Amino acid sequence: MNKRWNILSRDAEKTASLHEALKINKTLCAILVQRGIDTYDKAKDFFRPQLSQLHSPWSMKDMDKAVNRILHAFQQHEKILVFGDYDVDGTTAVASMYQYLSEIYDQVDFYIPHRYREGYGVSKMGIDYAKETGITLIISLDCGIKSVDLIQYAKSLDIDFIVCDHHLPDQELPPAAAILNPKQIDCAYPYKELCGCGVGFKLMTAISEKLSLPESTHLAYLDLVATAIAADIVPISGENRILAYYGLEKVNQNPCAGIKALMELAAVQKTMYINNLVFIIAPRVNAAGRMDDAKKAVQLFIEKDPAKAMSFAEMLHSDNADRREADSSITEEALALIEADPAFPRKKTTVVYQEHWHKGVVGIVASRLIEKHYRPTIVLTKSGEYVAGSARSVAGFNLYEAIHACREHLLGYGGHFAAAGMTLLPEKVNDFAIAFEKAVEEQIQPEQLIPEIVIDAPIQFEAITPTLYNILKQMEPFGPDNMRPVFIAEKVNDTGFSKIVKDQHIRFVVKQKNITLTGIGFNMANKFELLQQQKPVDLVFTLDENEWNGEKSIQLKMIDIRSSI
């Protein structure tokens, strides 16, 4: 699949000014300026994040109401239920809040809704459970902002809600005792991009301050907060960057027994970074809710005994193996359906449906199909009497709007710009697929069907030094709004030593002028012929460290390659 290369422009004036102030590589200065770090002070905050830079929790709307309601519950000896969603953000938020409150109060329980029996967010079953067990206060984490009717129902049963959420609020807000969500229009909280676990962390911070508890009381859960930030794909900027930075420090030095057990099962030998949380910890946690019951993810995170934590981790590990098997076989089946459709090459969308596919992995399969066929994609399966599905978009295309345009064929739908879900009647699948194709065709631009690689800066091989790499490492943690810098090197020649390894990867040995560098190009064997032509090529890559026999060297991690113009 050919890709568009988009080389970002640089602000020469601001770059020169920052270079003067920092005295570091000019290319890195240009990248920092692109990311809004254009002064010495901003660079200092960026490279040396401090917990003292976190905003006061009291500037969040309703924080005083939330804290007072919790303290009132302590005084009246009310039972409190910590309620959260079944994904990584929800389970880490519940695990941290449940442990935090349990350290200072003895009437706390937790609840995670079952993905298939109850669905996303606050559930009637959860509220009924609270009523049956004498609970009068529910703290919802990573959900609740849209649960107007259900929170009204809880109120009719004399159960109060404190909502901690980060999803966009609707016009009508639920009748909760307090709503903590920095995205509320009238919330003065300076940072708007916290995840659900992050909002919960701010509530814990406020309670600690109110009760004059040591900071360690809430900072103990930073490893869980960092895991949520990584998994929920929120921007790694501002407060999220500080929380992720110190959370990773805890993951590497002193993680909770649950995270430690997952790391052991995944045979982690090296330093953990954000991408390890995304690809090692998050899939195992998410698999619990996808394949079975996410409650055991919380049990894993709150378990203090290493042996018991390991047994929970093994359950999640096993769920993840099942998830991978399902995801792999369904992806294979879906690709076969696509290949068998003679009309497919002319389409702007992918919609595939099989009754027997596992509902828990259809979203992952949609993402896999986009890797192969880059277009808005929906994967549908049977769920009881209905058909349910997950949709994923391509960069820059508003998927939610396209689905909204087809609503007459749906029983229900929800989601956002890049991802969505829907339910419909089996007999409506074909009509919906036709309507979705039409809606996308009307709205999508041709270039949006070609994947784009955003390139931060051109670089010469001579500038790729250990000093440059050490500064790059200090730009961690990487993630949305602070991605690992992508470079382009032009007019590079193959040395003749490049080769294909394991039938699908390329081990590069290339030179520019008189400097030779090695690199790896995963799943790029189909591009090998470009090197064999013995003509100059342009390479797009990130920088990585390769360790071999105790020796460390900088290597290029290839993203794309094409002939030089």
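**Charges, fold and selected residues of a predicted chain**

Author: In this predicted model, the mean positions of the 61 positive and 73 negative charges of the chain are 4 Å apart.

Reader: What does the secondary structure of the chain come to?

Author: The chain has 20 helices and 19 strands.

Reader: What percentage of the residues count as buried, and what is the accessible surface?

Author: Of the 565 residues, 52% count as buried. The accessible surface comes to about 25900 Å², and carbon and sulfur atoms hold 50% of that area.

Reader: Of the contacts between residues at least 6 apart in sequence, what percentage join residues at least 24 apart?

Author: That share is 66% in this chain.

Reader: Turning to annotation, which residues does UniProt give for "domain: DHHA1"?

Author: The unreviewed UniProt entry places that domain at residues 350–441. Over this stretch the chain is 33% helix and 30% strand, and the end C-alpha atoms are 12 Å apart.

Reader: Where does UniProt place "domain: RecJ OB", and what is the helix and strand content there?

Author: According to the unreviewed entry, "domain: RecJ OB" covers residues 455–560. Those residues are 12% helix and 48% strand, with the end C-alpha atoms 11 Å apart.

Reader: Let us move to helix α12. Which of its residues are buried?

Author: Helix α12 runs over residues 257–265, and its buried residues are Ala257, Gly258, Ile259, Ala261, Leu262 and Met263.

Reader: What covers the buried residues of α12?

Author: The cover includes helices α10 (222–231), α11 (238–253), α13 (274–291), α14 (295–302) and α15 (306–339).

Reader: Which residue with a positive phi follows α12?

Author: Alanine 267 follows the helix, with phi near 55°. Threonine 271 lies in the loop between α12 and α13.

Reader: How far is threonine 271 from proline 169?

Author: They are 38 Å apart in space, C-alpha to C-alpha, and 102 residues apart in sequence.

Reader: Finally, in which strand is isoleucine 80 found?

Author: Isoleucine 80 is found in strand β2, residues 79–84. With a relative accessible area of 0%, isoleucine 80 is buried.

Reader: Which residues does isoleucine 80 touch?

Author: Not counting residues up to four places away in sequence, isoleucine 80 touches Ala73, Phe74, Leu101, Tyr105, Gln107, Val108, Asp109, Ile135, Leu137 and Ile139. For isoleucine 135, the separation from isoleucine 80 is 55 residues in sequence and 5.8 Å in space, C-alpha to C-alpha.

Methods: Residues numbered from 1 in each chain as written. Predicted model: local features only at pLDDT ≥ 70, side-chain atom pairs only at ≥ 80, totals over all residues. Heavy atoms only, no water. Helix = DSSP H or I, 4+ residues; strand = E, 2+ residues; numbered from the N terminus. Buried < 20%, exposed > 50% of the residue type's maximum accessible area, 1.4 Å probe, protein only. Contact = heavy atoms within 4.5 Å. Areas by Shrake-Rupley, 256 points an atom, 1.4 Å probe, with all protein chains shown as cover. Lys, Arg positive; Asp, Glu negative; His and termini not counted. Charge placed at Lys NZ, Arg CZ, Asp CG, Glu CD. UniProt positions renumbered as here; feature names shortened; annotations may be inferred.
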